[in-house]
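Keep the structure open beside the text.

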Amino acid sequence: MLKILFFLCLYTASYKGNNVKVAIKELDGFRYINIEPISKLLGGKINYLEKSGRIFWQKGDVSIVLIDGSPWVLLNAKPYNFPLPVRKGDDGVFLSPSMLVPLLSSGFNLTVELGDDSLVVFERKLKIDKVVIDAGHGGRDPGAIGLKKTKEKDVVLKIARIVANELEKAGVNCILTRDKDKFIPLEKRTEIANQNGANLFVSIHLNACRSRKTHGCEVYFLSRARTGWERAVEARENSVIKFEERELGVDLESILWDLAQAEYLSESKELAAYILKSVTKKGNIKSLGVKQANFFVLRGAYMPAVLVEADFISNPKCEKRFKDKGFVRNIALGIAEGIEKFRAEYEKQMNYE
Ligand SMILES: [Zn+2]
């Protein structure tokens, strides 16, 4: 049965310099990708242990153990459970994109572009030339609302547009997850970044809390929230899930997402620090520091990713400032400058190693 399926599915792979494009096949209604051409291009090795059904995939000091028919994977001796099992056929070993993408990205340190019918794998870039700017909320999700009815979704869109414009001027290709007042599910936002092979993901938000006096800027990277305050901001930004018409398999997806972002923790933290410094300086905003929380919107990104809480819309003085074009522009210039500074530093480090 399986054999016939493999014959029926056309297999194509083409090589272009330091990347490989592999066609996605459908096996019993699920999407699968052959790892053979990917491993070949990377100079990795795949060994089979026929008796136990074990498959060893190795390159350098990275080792992956797969078991035919099992959703469990050992990455450098650490076990991970995925939604779909590994499938071995006559012409290769097949993994679902949900398993393969994190393994390539976090295990082998590669950049991947997942399309509808193919997967392209690149050796990791030394350049940051594509950035996704994500204006939080939108459409039926207004985000936080000020006393004078200013909506977070409107202000952050203005900021995002200016950030993108500034970065484009500096030669960085920018993608906006939304350029109008439109609802976009959280998951879709990082999907846009992953599918476009972006190098950075920056989500822009405004903060809110009960106290009308609280003000300041904080920049988050993805990790477990440690303080009560971090947990409160996390809960508020994640609450958009209630606007989404779907069930979230949180437990399962969280494993994949944590794996995706673990690789980029230090870069994300560094990016957060650069942005915080520039925004607080340009916007003359108090710094509340770099923080960490488990934001859904950051979890699926296979790249350094941060969430900027520019200032508090719940503070009437801040709300008034958000109506000032110059202030909004300064926040945007600060975010763009922070990204630029991180980019310069990162490229310098990568190229001198
Ligand atoms: Zn928000």
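In which sense do β7 and strand β8 (residues 72-75) pair, and over how many bridges? The pairing is antiparallel, over 3 bridges. Bear in mind that this is a predicted model.

## The chain at a glance

The protein chain has 11 helices and 19 strands. Its length is 353 residues, and 44% of them count as buried.

## Two hairpins around β7

Strand β7 (residues 62-67) also has strand β6 (residues 54-59) as an antiparallel partner, with 6 bridges joining them. Here W57 is bridged to I64 in β7. The hairpin of β6 and β7 leaves 2 residues between the strands, and G60 in the turn has a positive phi of about 60 degrees.

Now go to the β8 side. I64 turns up again, standing opposite L75 in β8. The hairpin of β7 and β8 has 4 residues between the strands, and there G69 takes a positive phi near 85 degrees.

## β16, enclosed

Strand β16 (residues 200-207) is largely enclosed by the rest of the structure, because 8 of its 8 residues are buried. In a regular strand, side chains alternate between the two faces of the sheet. In β16, L200, V202, I204 and L206 point one way, F201, S203, H205 and N207 point the other way, and all are buried.

What does β16 pair with? One partner is strand β14 (residues 130-135), which runs parallel to β16 and is joined to it by 5 bridges; in that pair V132 stands opposite F201. Another is strand β19 (residues 305-312), also parallel, over 6 bridges. There, V202 faces V306 of β19 as its opposite number.

## V306 and the nonpolar core

Neighbours within four places in sequence aside, V306 is in contact with V202, V219, Y220, F221, S268, L271, A272 and I275. V306 is also among the residues with the most contacts inside the largest nonpolar core, along with V131, I275 and I335. That core has 95 residues, and helix α11 (residues 325-352) gives the most to it, with 9 residues. At least three residues of this core come from each of domain 1 (2-123) and domain 2 (130-352).

## Two helices to compare by eye

Helix α8 (residues 265-282) has 18 residues and reaches 26 Å from first C-alpha to last, close to the 26 Å expected at 1.5 Å a residue. Its buried residues are E267, S268, E270, L271, A272, Y274, I275, L276, S278, V279 and T280. S268, L271, A272 and I275 are also among the contacts of V306. Just after α8, N284 takes a positive phi of about 50 degrees.

Is helix α3 (residues 97-107) mostly covered or mostly open? Mostly covered: 9 of its 11 residues are buried. The buried ones are M99, L100, V101, P102, L103, L104, S105, S106 and G107. Just after α3 comes N109, with a positive phi of about 60 degrees.

Technical notes:
Residues are numbered from 1 along each chain as its sequence is written. This is a predicted model: local features need pLDDT of at least 70, side-chain atom pairs count only at pLDDT 80 or more; totals for chains, interfaces and linings use all residues. A residue is buried if 20 or more other C-beta atoms lie within 10 Å of its own, exposed if 12 or fewer, and partly exposed in between; C-beta atoms are placed from the backbone. Two strands pair if DSSP finds at least two bridges between them. The expected span of a helix is 1.5 Å times one less than its number of residues. A nonpolar core is a set of buried Ala, Val, Leu, Ile, Met, Phe, Trp, Tyr and Cys residues joined through C-beta atoms within 7 Å. Domain bounds come from an automatic or database domain assignment. Two residues are in contact if their C-beta atoms, placed from the backbone, lie within 7 Å.
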